[in-house]
Amino acid sequence: MRKLKVEFFPSRCVGNGICASISPEYFDVKEKKAVLAGAEARGNALALEKEFIDVEAEDVLEAARHCPTNAIKVTDDATGEVLVSVTVDQESAREVIAEY
């Protein structure tokens, strides 16, 4: 078991659904945006704090890691360590140019 705090920021979400495909127990896509099941509104985020069984915790972490817009933050509730951040690391960011 692992107690995590999951914060989802809907304003960042583009609705591609990767979170729902990785962690369907906790994420779904409705009206072109993801939703976090069981979450409550906290400011501009939806938050869920709970004890996850290990496989669910790994699924939620993977969903957050794969979010293309960094809309999901996961914190270890016991230690306060941010496991998946919503901040973009500017040092490793690269510009991508698409030509059509």
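Colleague: Over the face of which ring does K50 lie, and at what distance from the ring centre?

Modeller: In this predicted model, K50 is placed over the face of F52, 5.2 Å from the ring centre. A charge counts as sitting over a ring if NZ of Lys is within 6 Å of the ring centre and within 35 degrees of the ring normal.

Colleague: How many aromatic pairs does the structure hold?

Modeller: A pair of aromatic rings is described by the distance of the centres and the angle of the planes. The structure holds two such pairs.

Colleague: Which parts of the chain does the pair of F8 and F27 link?

Modeller: F8 belongs to strand 1 (residues 2-8) and F27 to strand 2 (residues 27-30), so distant parts of the chain, 19 residues apart, are linked.

Colleague: Are F8 and F27 buried or exposed?

Modeller: Buried means under 20% relative accessible area. F8 has a relative accessible area of 1% and is therefore buried; F27, with 2%, is buried as well.

Colleague: What is the geometry of the pair formed by Y26 and F52?

Modeller: Y26 and F52 are edge-to-face, at 5.1 Å centre to centre with 65 degrees between the planes. Y26 lies in the loop between helix 1 (18-22) and strand 2, whereas F52 lies in strand 5 (residues 45-52), so the pair ties together parts 26 residues apart in sequence.

Colleague: Do Y26 and F52 count as buried or exposed?

Modeller: Y26 counts as buried because its relative accessibility is 8%.

Methods
Residues are numbered from 1 along each chain as its sequence is written. This is a predicted model: local features need pLDDT of at least 70, side-chain atom pairs count only at pLDDT 80 or more; totals for chains, interfaces and linings use all residues. Side-chain values use heavy atoms; hydrogens and water are left out. Rings of Phe, Tyr and Trp (its six-membered ring) pair if their centres lie within 6.5 Å; planes under 30 degrees apart count as stacked, over 60 as edge-to-face and the rest as tilted. Helices (H or I, at least four residues) and strands (E, at least two) are DSSP runs, numbered from the N terminus. Buried means under 20% relative accessible area, exposed over 50%, partly exposed in between (1.4 Å probe, protein chains only).
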